[in-house]
Amino acid sequence: MPDTTTTAPVRVVTEPLPQPLYGPKRVLRDFGGTSIANGIIGIVFSATGPVAVILAAGLAGGLSQAQLASWLFGAFFVNGILTITASWLYRQPLAFFWTIPGTVVVGASLEHLPWEQVLGAFFATGALILLLGLTGWVTPIMAALPLPIVMAMVAGVFLHFGTDLVEAPAHDAVIALPMIATFVALSVFAKLGRFVPPVLGALIVGVVVILAAGRFNSAGDAHEWLAHPMLTPPTWSWQAMIELVVPLAITVVVVQNGQGIAVLRAAGHQPPIGAATVACGVFSLVNAAVGCVSTCLTGPTNALLTASGERTRQYTAGIFCGLLAVVFGLFAQTFVAMMLGTPTAFIVTLGGLAMLKALQGAFVTAFGGKFTFGALIAFLVTISDIELLNIGAAFWGLVFGVIASRMLERADYT
């Protein structure tokens with residue numbers, strides 16, 4: 001009888017590097033004004049609204065200024081190194097930052113889990129993502145979890161950013177209303193919005209209003225310019241593992257990486273799915289050491305990097321974006337001190353505006369096709385904030401959503 005043991009499906013799946021590797025002269029020759037502009041726009045986007053999401057989630061969870069600065073150091077400096085390296089090796093823009101929905105999930109968990117236990121979950125998530133990348137199990141796992149149900153869970157997690165945005169003018173109209181009006185105006189007048197992205201415009205107007213009204217509070221460690229990464233020993237907790245590891249891994253592998261891959265493919269690139277997953281696992285472990293949430297292949301930033309320019313030279317936009325991220329990460333301490341000196345309404349409004357498109361996309365994906373009942377159950381359970389067995393609602397939203405869909409939407413699985 002033939003030996004069938006040689007057909008084992010588990011194997012390391014990573015894509016080969018394009019050959020030959022480009023040297024410094026070739027990379028510099030491919031740089032141009034478009035690459036620089038797209039790289040700047042990409043880092044400006046990442047350093048505005050998405051950072052406000054980190055600050056909002058971290059402050060709600062009781063993190064200190066030093067812990068937030070360390071988080072941003074990993075989010076930008078560590079991931080910037082990965083972005084530079086991957087973009088150069090694979091000759092395409094591969095921007096890696098952090099999972100935004102995962103950040104929001106962590107913020108909710110921090111309200112009842114100690115920071116050390118959350119860090120333990122960060123390490124476990126990085127190990128799981130690395131295992132998925134090395135073994136090639138990413139594809140079957142993504143297929144087993146219907147994307148609409150996952151996105152319904154994400155919509156439930158994101159929802160409070162939208163409601164907080166609606167409430168912000170009632171609490172601090174002087175700050176919130178000009179920012180919202182600017183965002184709307186730049187969104188309506190698309191030509192102007194190409195030069196000044198709506199979120200960036202809202203940020204600038206918010207800063208001007210704060211300074212004009214004398215609302216900036218310079219309290220805090222503003223004298224510390226450079227980042228000081230905090231190496232906190234993790235604590236292992238089954239509650240944190242069950243509550244965070246699976247949702248975080250799903251947001252990286254399915255939600256964020258899925259978006260990034262789709263964006264790059266639409267731009268004519270062939271992103272290395274296996275290598276990207278492995279890189280996310282390795283750098284998630286590095287980031288866990290400094291208190292940063294898991295690394296992912298970002299969708300929005302890669303969309304900005306591929307918005308213009310010759311496709312074969314767009315990798316230089318990724319390299320430049322990564323260089324700027326490294327610099328930003330080095331000065332994370334200063335940036336956090338400045339952001340925390342602003343009124344709460346500024347962070348809430350900026351974070352809410354940055355999340356609007358993501359929230360809209362989550363709802364469209366969740367309820368625009370199949371698995372809508374399972375998606376509804378996942379959404380309702382997630383926004384309920386219910387805790388079962390001391391495990392948060394995001395995890396149970398996925399569980400009950402999949403169960404409901406399996407029972408009542410069997411035809412959608414065919």
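Leaving aside its neighbours within four places in sequence, with which residues is Thr-103 in contact?

Mentor: The structure is a predicted model, and what follows should be read with that in mind. Beyond the neighbours within four places in sequence, Thr-103 is in contact with Val-53, Ile-54, Ala-57, Trp-71, Trp-98 and Val-293. Thr-103 is placed in helix α5, which covers residues 100-109. With a relative accessibility of 0%, Thr-103 counts as buried, since the cut-off for that class is under 20% relative accessible area.

Val-106 leads on to the nonpolar core. The largest such core has 109 residues, and Val-106 is one of those with the most contacts inside it, together with Phe-76, Trp-98, Phe-122 and Phe-346. The greatest contribution to this core comes from helix α12, residues 238-266, which supplies 13 residues. Apart from this core lies another, of six residues, including Tyr-22, Val-27, Ile-319 and Val-326.

Helix α12 also packs against helix α13, residues 273-289, at an angle of about 135° and with the axes 11 Å apart. Angles over 145 degrees would count as roughly antiparallel and those from 65 to 115 as roughly perpendicular; α12 and α13 are therefore oblique to each other. The crossing in which α12 passes α13 is right-handed. On the α12 side the contact is made by Val-252, Asn-257, Ile-261 and Arg-265, and on the α13 side by Ile-273, Thr-277 and Cys-280. By class, the residues of this contact comprise four nonpolar, two polar and one charged.

Helix α13 also holds Ala-275, which is buried, its relative accessible area being 14%. Ala-275 and Thr-14 are separated by 261 residues in sequence, yet their C-alpha atoms are 4.7 Å apart in space.

Helix α11, residues 198-212, packs with α17 at an angle of about 170°, and their axes are 10 Å apart. The two helices are therefore roughly antiparallel to each other. From α11, the residues Val-199, Ala-202, Leu-203, Gly-206, Val-207 and Ile-210 meet Phe-346, Leu-350, Leu-353 and Ala-354 of α17. This contact divides into nine nonpolar residues, one polar and no charged.

Some points of backbone geometry complete the account. Phe-371 lies in the loop between α17 (344-367) and α18 (372-384). Although not a glycine, Phe-371 has a positive phi of about 60°, and at 11% relative accessibility this residue counts as buried. Arg-91, in the loop between α4 (65-90) and β1 (96-98), likewise has a positive phi, of about 55°, without being a glycine. Finally, Gln-19 and Pro-20 are joined by a cis peptide bond with omega about -5°, and Pro-20 is found in the segment before α1 (24-30).

Conventions:
Residues numbered from 1 in each chain as written. Predicted model: local features only at pLDDT ≥ 70, side-chain atom pairs only at ≥ 80, totals over all residues. Heavy atoms only, no water. Core = buried A, V, L, I, M, F, W, Y, C linked by side-chain atoms within 4.5 Å. Buried < 20%, exposed > 50% of the residue type's maximum accessible area, 1.4 Å probe, protein only. Helix = DSSP H or I, 4+ residues; strand = E, 2+ residues; numbered from the N terminus. Axes fitted to C-alpha atoms, helices over the stretch in contact; angles between N-to-C directions. Parallel < 35°, antiparallel > 145°, perpendicular 65-115°, else oblique. Left-handed = near helix turned anticlockwise from the far one by under 90°. Contact = heavy atoms within 4.5 Å. Nonpolar A, V, L, I, M, F, W, Y, C, P; charged D, E, K, R; others polar.
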